[in-house]
Amino acid sequence: MSSSTVSVSAATPTQHPFQRKIEDVKPSKTDINFVIMDYLVSEGYPRAAEKFAKEANIQLPLEEESISSRVEIRQALHAGDIDTAITKINDLNPQILDTDPALHFALLRLQLIELIRTCTSSASADITPALSFASSQLAPRAATNPDFLRDLELTMTLLIFLPATAPLQKELADLLDPSLRRNVASKVNEAILTSMGARGEARMRSLVRLRHWAELKARVAGKDIPPVLPLGLQDADERSVDSNGNNGEVADVMVH
């Protein structure tokens, strides 16, 4: 009687020693919950923060009303409704813009950009409103600050090229990109939090930057670490839902 033996070799990938060290570090659930809640509150996701607080059995660190106010301001800025955003900021705390000339100028420049969009959107364009706004609101501030003056001059250049028949140069195209609104909205959010005596930036953002800095330092020093160290957020956009029901916005902010 003959028999044959089949041996199967299951190749198991070898885990990098550094990865094993990472897995040995077990942050407490309390610490993780704190970082998540801090992110949701700081970035302005009231519905998600409220739900997470109930599930994790923790308290919201700030009044929900204050979160909602920041969400309304952010939404207005993202939509290009700068006048409404400025009004809401002043209603919340008029000292914010009074004590931060750079932020105030950035908001006024956004408002000017929206005026230029409107003024140049048709063949019978009337640029008078944009010129009047620039003269009354931005020119006096730019007169005493070289950085403001450069930004104003660049913004006014849009009047020459819009409506564009060819791709704009990068500096001008960046003024019309939605990322400029998001960048200013982020600065406004930080300024509001700081004015309330809270931390201006979510701890998760600073932790991600610190982790990136440490990785760069380790690679420059020639340390034995894996060629790729993912943050583990690659699939987060498939799982996260923000306070308005938009999939992926929270994850996108975290990664960027």
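Phe34, Val35, Ile36, Asp38, Tyr39 and Glu43 of helix 2 touch Arg203, Met204, Arg205 and Leu207 of helix 13, where contact means heavy atoms within 4.5 Å. This is a predicted model, where local features need pLDDT of at least 70, side-chain atom pairs count only at pLDDT 80 or more, and totals for chains, interfaces and linings use all residues. Residues are numbered from 1 along each chain as its sequence is written, and side-chain values use heavy atoms, with hydrogens and water left out. Helices here are DSSP runs (H or I, at least four residues), numbered from the N terminus.

**Helix 2 and helix 13**
- The axes of helix 2 (residues 29–43) and helix 13 (residues 203–220) come within 7 Å and cross at roughly 115 degrees; axes are lines fitted to C-alpha atoms over the stretch in contact, with angles running from 0 to 180 degrees between N-to-C directions.
- Helix 2 and helix 13 are therefore roughly perpendicular, a label for angles of 65 to 115 degrees.
- Sorted by class, this contact of helix 2 with helix 13 has six nonpolar, no polar and four charged residues. Ala, Val, Leu, Ile, Met, Phe, Trp, Tyr, Cys and Pro count as nonpolar, Asp, Glu, Lys and Arg as charged, and the others, Gly among them, as polar.

**Helix 2 and helix 3**
- Helix 2 also pairs up with helix 3 (residues 46–56): their axes come within 9 Å and cross at roughly 160 degrees.
- That makes helix 2 roughly antiparallel to helix 3, the term for angles over 145 degrees.
- On the helix 2 side the contact uses Asn33, Ile36, Met37, Leu40 and Val41, and on the helix 3 side Ala48, Ala49, Phe52, Ala53 and Ala56.
- That contact of helix 2 with helix 3 has nine nonpolar, one polar and no charged residues.

**Helix 7 and helix 8**
- Helix 7 (residues 101–119) and helix 8 (residues 128–142) have axes that come within 10 Å and cross at roughly 165 degrees.
- Helix 7 and helix 8 are therefore roughly antiparallel.
- Contact residues include His104, Phe105 and Leu108 of helix 7, and Pro129, Ala130 and Phe133 of helix 8.
- By class, the helix 7 contact with helix 8 has 12 nonpolar, three polar and two charged residues.

**The cavity**
- The count comes to one cavity of 30 Å³ or more, a cavity being a set of points on a 1 Å grid over the protein atoms alone where a 1.4 Å probe fits but cannot get out.
- The largest cavity holds about 40 Å³ of space, a volume being the space filled by probe spheres set on the points, which are joined across faces, edges and corners.
- Its lining is Arg70, Ile73, Arg74, Leu77, Ala185, Val188, Asn189 and Ile192, lining residues having an atom within 4 Å of a point.
- Helix 4 (64–78) and helix 12 (178–195) each supply at least two residues of that lining.

How values were computed:
Parallel < 35°, antiparallel > 145°, perpendicular 65-115°, else oblique. 1 Å grid on protein atoms, 1.4 Å probe; cavity = no way out; pocket = protein on both sides within 12 Å on 5 of 7 lines; lining within 4 Å.
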